[in-house]
Amino acid sequence: MNISKNILFTTLIALSTLSIYSCKTKKLAAKPAPAPVAKPAPPVEEKKPAPATEKEPEAAPSDKPNFNLDNIQFEFNSFVLKTSSFSILDKAVAEMKKAPNTQFILNGHSSAEGSPEHNMSLSIDRANAVKSYFVNAGLNADRFTIVGHGEKEPISTNNNEEGRTLNRRTEIRIKN
């Protein structure tokens with residue numbers, strides 16, 4: 001019986017040591033992350049006042065933001081954004097924040113593979129994926145209208161993969 005208690009006691013100590021050790025590791029991994037984020041912030045603030053005076057004369061040209069942002073691409077048979085589209089979407093967010101009262105239409109498109117019903121649904125899902133990206137970036141969801149076009153408006157041929165890839169897209173247009 002004493003041997004059973006010793007084994008049980010030793011096992012409990014070992015497990016608690018492992019638990020404590022693993023928790024410390026997680027905490028250590030979480031602590032360094034805020035430090036690099038905090039360090040770059042002061043230099044950015046120091047740089048902001050000088051360019052701010054330069055940006056004010058440029059305010060007149062930037063009154064009309066550039067919303068000519070196409071090439072938002074998606075994976076095959078999916079509404080998952082390609083990583084190459086993130087930089088385009090980030091530019092779109094920056095431009096949209098310049099005009100907070102502007103309304104937009106997000107036109108979703110698909111290639112001609114699959115049934116027309118599936119392609120229509122997929123094009124709507126793609127436009128909604130872009131809307132979700134914008135909302136997560138801090139834009140108001142009420143500014144966006146979703147329109148699905150399915151395979152009806154290709155910008156390239158559907159006879160080869162390169163053309164079909166270009167047709168899997170969402171376009172941003174200003175609502176009149």
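In this predicted model, phenylalanine 104 is buried, with a relative accessibility of 0%. Phenylalanine 144 is likewise classed as buried, at 5% relative accessibility. Both values fall under the 20% limit that defines a buried residue.

The aromatic side chains were examined next. A pair of aromatic rings is described by the distance of the centres and the angle of the planes. By the rule applied here, the count comes to three aromatic pairs. Because phenylalanine 86 belongs to helix H6 (residues 86–98) and tyrosine 133 to helix H7 (residues 116–136), the pair ties together parts that are 47 residues apart in sequence. Phenylalanine 86 is partly exposed, with a relative accessibility of 33%. Tyrosine 133 is also partly exposed, with a value of 21%.

Phenylalanine 104 is part of strand E2 (residues 104–108) and phenylalanine 144 is part of strand E3 (residues 144–148), so the pair ties together parts that are 40 residues apart in sequence. Together with Phe134, the residues Phe104 and Phe144 form one aromatic cluster.

Threonine 170 is located in strand E4, which covers residues 169–174. With a relative accessible area of 1%, threonine 170 is buried. When residues up to four places away in sequence are left out, the contacts of threonine 170 are Ile72, Phe74, Leu106, Asn107, Gly108, Arg126, Ala127 and Val130. Of these contacts, Leu106, Asn107 and Gly108 fall within the range of strand E2, residues 104–108. Arg126, Ala127 and Val130 fall within the range of helix H7, residues 116–136.

Asparagine 77 is placed in the loop between strand E1 (72–73) and helix H6. The relative accessibility of asparagine 77 is 44%, and the residue therefore counts as partly exposed. This value lies between the limits of 20% for buried and 50% for exposed residues.

Notes: Residues numbered from 1 in each chain as written. Predicted model: local features only at pLDDT ≥ 70, side-chain atom pairs only at ≥ 80, totals over all residues. Heavy atoms only, no water. Helix = DSSP H or I, 4+ residues; strand = E, 2+ residues; numbered from the N terminus. Buried < 20%, exposed > 50% of the residue type's maximum accessible area, 1.4 Å probe, protein only. Contact = heavy atoms within 4.5 Å. Phe/Tyr/Trp six-rings, centres within 6.5 Å; stacked < 30°, edge-to-face > 60°.
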